[in-house]
Amino acid sequence: MIGIHINDSEIPYTQLIMDGIKRFETRFKPTLRPFVGQRVEIVRTGKGKAEIVGTVRISGEVWWDAKAFDYLRPLHCVPKDSKQDTNKGKWCYLLREPQKLEKPIVIGSKYFTGNRTYRDLGGEI
């Protein structure tokens, strides 16, 4: 299963995703496009060792210009004027069906490739 890295160094985005509050993951490039329609692992980075905290289904992709991005801020939880904010627009991915693990799984660096994690679970979580 593919894992997508979510940086929690400043904001607990992974918790917001698992609680169903952060409903869109945002990216400057359409890097999650190949995974639309798939269940992916949510990998918390930016705080200690990388950990898989749960899974979500990426249900859709949409481009939001800066105006839409600002208006829909409650759905993606990116603070205004933060590093993840934009004045040009971003690719946004609808996250559905969050399933939080009872206990996070610490993963080693051998599973990392760019901003993704590859791991054979031997089945779905």
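**A lysine and the core**

Mentor: Start with K22, which lies in the loop between α1 and β2 (24-27); helices (H or I, at least four residues) and strands (E, at least two) are DSSP runs, numbered from the N terminus. This is a predicted model, where local features need pLDDT of at least 70, side-chain atom pairs count only at pLDDT 80 or more, and totals for chains, interfaces and linings use all residues. Residues are numbered from 1 along each chain as its sequence is written, and side-chain values use heavy atoms, with hydrogens and water left out.

Trainee: Is K22 buried or exposed?

Mentor: Buried means under 20% relative accessible area, exposed over 50%, partly exposed in between (1.4 Å probe, protein chains only). K22 counts as buried because its relative accessibility is 3%.

Trainee: Which backbone oxygen does the side chain of K22 reach?

Mentor: That of H76, at 2.8 Å. Contacts (heavy atoms within 4.5 Å) of K22, leaving out residues up to four places away in sequence, include Y13, I17, C77 and L95.

Trainee: How do I read the largest nonpolar core?

Mentor: In soluble globular proteins, nonpolar side chains tend to be buried together. A nonpolar core is a set of buried Ala, Val, Leu, Ile, Met, Phe, Trp, Tyr and Cys residues joined through side-chain atoms within 4.5 Å. Here the largest has 23 residues, of which Y13, I17, V40, I42, V56 and I58 touch the most other members. Among the elements that each supply at least two residues are α1 (13-18) and β4 (51-64). A second, separate core of five residues includes A50, I52, L101 and I107.

Trainee: What is the mean pLDDT of the protein?

Mentor: pLDDT is the predictor's confidence in each residue, from 0 to 100. The mean is 88.

Technical notes. A polar contact is a pair of N or O atoms within 3.5 Å; within protein, one must be able to donate a hydrogen and the other to accept it, and residues adjacent in sequence count only if both atoms are side-chain atoms.
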